[in-house]
Amino acid sequence: MSSENYAQIRKGGSLLLAWRIENKRVLIVGGGNVAAGRIVKALEADAHVTVVCPDDGLNNEVRYRINQNQVHNWINRNFEECDLENVDMVLTAIDDHVRSREIYYMCKARKMPVNVADIPSLCDFYFMAEHREGPLQIGISSNGQAPKLATMIRQHVADALPKNIGMAISKVGNLRQKLRDIDSDYESSKKRMGWMIRVCKEWSLDELANLDDKMTDLLLSFYGKDEVPSFNSIAKVSKSKEDIEEDKEKRARSRIILVGAGPGDPSLLTIKAMTLLSQADLVLSDRLVPAAILEHAKGEVRFANAKSGSEKTRSSDVSQDELLNWALEALEAGKLVIRLKVGDPFLFGRGGEEVLFFKKRGWDVEVVPGISSSLSAPLAAHIPVTHRGISDQVLITTGQGTKGRMPEIPEYNPMRTTVVLMAVGRAKNLSELLLNRAYPSDLPAMFVENGHRPNEKIIRTTVGDLGEIVERENIVSPATLVIGRAVDALLVDEERQG
Ligand SMILES: C[C@@]1(CC(=O)O)C2=NC(=C\c3[nH]c(c(CCC(=O)O)c3CC(=O)O)Cc3[nH]c(c(CC(=O)O)c3CCC(=O)O)/C=C3\N/C(=C\2)[C@@H](CCC(=O)O)[C@]3(C)CC(=O)O)/[C@H]1CCC(=O)O
Ligand SMILES: NC(=O)c1ccc[n+]([C@@H]2O[C@H](COP(=O)([O-])OP(=O)(O)OC[C@H]3O[C@@H](n4cnc5c(N)ncnc54)[C@H](O)[C@@H]3O)[C@@H](O)[C@H]2O)c1
């Protein structure tokens, strides 16, 4: 006969069981560290626990459990044989090998299962390193070889578990119980098992974990037809009319508004932005919005990456996702949500993308303009971007095109002011690009760092010198770069020479 399909027998293991000791009388001998661990395990298995140990032998934890009446019975002295009367299981955890051995033989004479903590060969069963999550218990045994390693492996196993596993098991347990209540017929065993197996296989753990009572009952109504509908179809139907009405009301109350926070000075916020800030339940803010503005928010303020702290460790897309999902959650809950962006939401603010994101999910987005630094920063540096006879047009561009490319910039026009946002990172490349487009090397340019903020810094330079000045003056973002003859438009003659 071929044996290839049958498991090989590997000798020397233990029989791993889930031993039910609810209300069983467990005697724990000793009151030290090991006893403390045994008490926890026995109590978590709903046993009736008696501890025998003299008061001066109790460690703090054991004393605490006795004082809290978690331990059902405490015998304040050393072990005596009479303690074994009416006991179902004995766990010794004492520092006395001779006595341990004696207790073991007393137990054997009474055919009682016993664990002797200091003598593995006298153990009817070993304890395991255990991970617990709701009804889930995972036990690790090294069969007496390396208990510390068993403890460490437990951590690896716990780390590798899918989240929600404990909840999923509870919900399946509940479903199974209800199924047996509906169809308790012994003959139906195959059908019941087949249906349960399908639910467990066809639904994800998250879905199982999210089963509420209503959905459980709905799901069970398909058992008769031996069908397993999808989670989504059950979730949809389970929403009662009232739920739907409530959802509608909530949605009617919900608003999402993209608000421009302006350049950073609170007094440059629009009145509308200020009012909304004080009304919003949730403000989702760019990191760049200064605290002086956020102080006006009465509701909760959240930033992307608030938890991880460092912006650099995660891509900006991840944090953006997180932020937008918070907004969705808040909207579902009927809240007024503000997405606060520096400057103006629709000028290099990715505001349009966010509008589309919400629209696709059924939410209309209101937009409140903000003062863009492309106009306020030149102003902070006293540069009129248009000025009769000097400039009759303005080009606003980014210094960082998508995917590392430089933006397209048209040929030099002396009557144009060029405003570059996000210009610090590639100032040198920008300088080369402009020279290529026939911008004169000595054409005036102005960096406005942190315009309209307390730490504002204004640095004059020229097109040919853009790269060097950033390094020399240690210019950092946020900074706006203004280029063109308008830079010097408001200088009177003496200033020009100086
Ligand atoms: C898993 C765990 C369950 C529990 O106790 O609940 C458990 N020991 C744990 C921890 C642990 N125990 C020891 C250390 C110190 C480091 C080290 O020695 O490695 C650590 C680590 C620490 O404390 O961090 C010392 C030790 N243990 C035993 C002896 C006697 C001997 O071997 O002779 C001695 C030496 C005394 C000495 O040298 O004087 C005996 C046993 N210990 C067992 C279980 C059984 C075998 C299970 C297996 O092999 O998998 C077995 C045979 C009998 C039993 O106790 O049932 C628990 C983890 C709890 C958790 O993390 O959840
Ligand atoms: N199995 C394990 O996982 C494990 C782990 C560590 C240590 N041990 C062994 O288990 C034993 C206990 O370890 P511990 O850290 O709890 O020691 P411990 O010194 O903290 O505790 C010993 C306890 O036993 C009590 N005691 C001693 N004789 C008694 C008696 N006749 N009746 C009632 N109580 C009595 C003491 O009062 C004390 O409370 C040690 O021998 C140790 O080598 C086993």
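1. Let's start with Asp442. Not counting residues up to four places away in sequence, Asp442 touches Thr462 and Gly464; contact here asks that the two C-beta atoms, placed from the backbone, lie within 7 Å. Asp442 and Gly464 sit 22 residues apart in sequence, yet 6.3 Å apart in space, C-alpha to C-alpha. You'll find Asp442 in the loop between α16 (427-436) and β15. Helices (H or I, at least four residues) and strands (E, at least two) are DSSP runs, numbered from the N terminus. With 10 other C-beta atoms within 10 Å, Asp442 is exposed; the scale calls a residue buried if 20 or more other C-beta atoms lie within 10 Å of its own, exposed if 12 or fewer, and partly exposed in between, with C-beta atoms placed from the backbone.

2. A word on what you're looking at. This is a predicted model, where local features need pLDDT of at least 70, side-chain atom pairs count only at pLDDT 80 or more, and totals for chains, interfaces and linings use all residues. Residues are numbered from 1 along each chain as its sequence is written, while chains are lettered from A and ligands numbered from 1 in the order in which they are written.

3. Now the overall picture. The protein chain has 18 helices and 17 strands. Of its 498 residues, 29% count as buried. Among contacts between residues at least 6 apart in sequence, 63% join residues at least 24 apart.

4. Next, the sheet that β15 belongs to. Five strands make an open sheet in the order β13-β14-β17-β15-β16, and the pairing is mixed. Two strands pair if DSSP finds at least two bridges between them. Why is one side of β13 and of β16 (457-462) left without a neighbour in the sheet? Both stand at the edges, each with a single partner strand, so one side of each has no neighbour there. On average, neighbouring strands of this sheet are turned by 20° against each other, direction ignored.

5. Inside that sheet, β15 (residues 444-449) and β17 run antiparallel and are joined by five bridges. Glu449 has Ala479 in β17 as its bridge partner. Have a look at the peptide bond from Ser477 to Pro478 too: that bond is cis, with omega near 0°. Pro478 belongs to the loop between α17 (466-472) and β17 (479-483).

6. There's also a hairpin to check. β6 and β7 (residues 136-140) are antiparallel, with five bridges between them. Arg132 stands opposite Gln137 in β7. The hairpin has two residues between its strands, and Gly134 there takes a positive phi near 60°.

7. Which residues come nearest to ligand 1? Of the 22 residues around ligand 1, they are Phe127, Ser142, Pro147, Ala150 and Thr151; a residue counts as near if its C-beta atom, placed from the backbone, lies within 6 Å of the molecule. The elements giving two or more residues to this shell are α1 (33-44), β6 (129-133) and α4 (147-160). The largest share, four residues, comes from α4. By class, the shell has ten nonpolar, eight polar and four charged residues, where Ala, Val, Leu, Ile, Met, Phe, Trp, Tyr, Cys and Pro count as nonpolar, Asp, Glu, Lys and Arg as charged, and the others, Gly among them, as polar.

8. Ligand 2 has 22 residues around it, of which Gly30, Gly32, Val34, Gly57 and Asp118 come nearest. Here the largest share of the shell, three residues, comes from α1. The shell around ligand 2 holds eleven nonpolar, seven polar and four charged residues.

9. Two residues other than glycine have a positive phi worth a glance. Phi of Lys111 is near 55°, and Lys111 lies in the loop between α3 (97-109) and β5 (114-116). Lys111 is exposed because it has 6 C-beta neighbours inside 10 Å. Phi of His382 is near 60°, and its place is the loop between α15 (373-380) and β13 (393-398). His382, with 12 C-beta neighbours inside 10 Å, also counts as exposed.

10. Last, a helix contact. Lys214, Met215, Leu218 and Leu219 in α8 meet Ile234, Ala235, Val237 and Ser238 in α9. By class, this contact has six nonpolar, one polar and one charged residues.

Conventions
Axes fitted to C-alpha atoms, helices over the stretch in contact; angles between N-to-C directions.
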